[in-house]
Amino acid sequence: MSCWWRLVLLVVLVAGSGAMMHQALTGHQVWEVDESGRVLTTRLLEEGLLDVLDHSRPSRTVRVSPHAVHQVKTALQEAAIPYRVLIYDLATYIKEANKGGREPRSPVDTCTATTCPAPLKTHYMTLSQMEWYLKEMNRTFPSRISVSSIGKSVEGRDIWLAYLPAANSSGRAIWVEAGLHAREWISPAVALHLIDRTIHNRSAMANMDILVVPMANPDGYVYTWTTDRFWRKNRRINAGTTCAGVDLNRNWDYHFGVGASTNPCSNVYKGPSAFSEPETQVLRNAMLKRKDNLKLILSLHSFGQKLLYPWGWSSSVKAPDTPQLVALGQVFAQAIKNATGTEYNVKNSAGGLYLASGATDDWATAVLKTKYAYTLELRDLGQQGFLLDQRNILPCSEEVWHGLTEVIKHIK
């Protein structure tokens, strides 16, 4: 068994929700596919036959559901693409690894002034804890932060926007959004720590207003805590199929459909139409209200330690101001390296990762005309992936803080 998957399973055991999560993973296998199969695995992903867990290395680690094992195996064999099975049944393996010990419990779902006075540093926060913290900060520091619901999710949960005004506001603003992909828990964790650091160190953001949506996909996030830790999409009920959810980072209206899927069973399902989802509608409307003031847009994701700039829909067509995007991105990466030694690479989205339209940064660049728009892939480089150990929360948040504050100096 690979070292990476031993670490993954440790995190599942610590952060999991017990039998329900095990049940969701029954019969799921984890395979490692040779780099020669990159094009084929992308097609199988779009067809809803597998889930790509790692884009950061040449070989791909994929999760294959029970109903797709035969089809995926046949496709790889016919294309003469080498692969090996790392785990034959993910649920069984987790249960066996946990034998002899008590079933780990989820962290307490609520906060008090003594249990959650700030974002947790050693545990990922539940949605209820996030909401408690945001409201408590709004009550405690009313002149430094204003928290409001900007709309509802598919299942009716609030999507919260934290507005942190500059002491001497120039009207210029930075937008940070997190949690579009439910399983990327490090993303909202970092966003919450950025809020906390800004509240207590407002001068670091100069005269920029800071707007943060720490959890853009609350339904999906709750589902990762209760049912399926690997869930990525929102929780839309798709008519005519038993497959739920839309990939919110393929649902924005710019070159809609490139690098996405029309299959509701795919993890990159784009949805029936651009902005079909209430979550992306809410984000769009909030950004449009401030479009003339937004100087930087940062969408937090994981993983791979990359700062990605547009376009995602094409690797051959250059986005406006590409040299400036690259230069400012290098400022971000160098600030982190200087402060912590951690390396982030600045890459074009399509060239450095894969073709993917319908993402926040492409839409912001094309429609809002925001000069600096990026997708930030947070820790790590694939050793733990989406199931990043919670010990990374604080150092990952600190390195993003170093990078962001330096970027703001250059924009200023």
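For the 412 residues of the protein chain, a compact globule would have a radius of gyration near 22 Å, and the value of 20 Å found here agrees with this; the radius is taken over C-alpha atoms, and the globule rule is 2.2 Å times the number of residues to the power 0.38. The structure is a predicted model, in which local features need pLDDT of at least 70 and side-chain atom pairs count only at pLDDT 80 or more, while totals for chains, interfaces and linings use all residues. Residues are numbered from 1 along each chain as its sequence is written, and side-chain values use heavy atoms, with hydrogens and water left out.

Along the principal axes, the C-alpha atoms of the protein chain fill a box of roughly 60 × 50 × 45 Å. The accessible surface is about 16,200 Å², and carbon and sulfur atoms account for 51% of that area (Shrake-Rupley method, 1.4 Å probe). Of the 412 residues, 58% are buried, where buried means under 20% relative accessible area, exposed over 50%, and partly exposed in between (1.4 Å probe, protein chains only). Of the contacts (heavy atoms within 4.5 Å) between residues at least 6 apart in sequence, 76% join residues at least 24 apart.

The chain has 13 helices and 12 strands, which are DSSP runs numbered from the N terminus (helices H or I, at least four residues; strands E, at least two). An open, antiparallel sheet contains 4 strands in the order 2-3-1-4, two strands being paired if DSSP finds at least two bridges between them. Its edges are strand 2 (51-52) and strand 4 (83-87), each of which pairs on one side only. Strand 2 is joined to strand 3 (residues 60-64) by 2 bridges in the antiparallel sense, and Asp51 stands opposite Arg63 in strand 3. Helix 4 (residues 69-78) lies across strand 1 (29-33), strand 3 and strand 4, and runs at about 10° to strand 1; this angle, on a scale from 0 to 180 degrees, is taken between N-to-C directions of axes fitted to C-alpha atoms, for helices over the stretch in contact.

The whole structure holds 2 disulfides, defined as pairs of cysteine sulfur atoms within 2.5 Å. Cys111 is linked to Cys116 with an S to S distance of 2.1 Å. This link of Cys111 and Cys116 is left-handed, with -65° about the S-S bond, and both cysteines are buried. In the disulfide of Cys243 and Cys265, the sulfur atoms are 2.0 Å apart, and the link is right-handed, with 80° about the S-S bond. Cys243 and Cys265 both lie in the loop between helix 8 (218-226) and helix 9 (278-289), so the pair ties together parts that are 22 residues apart in sequence. Cys265 is partly exposed, at a relative accessible area of 34%.
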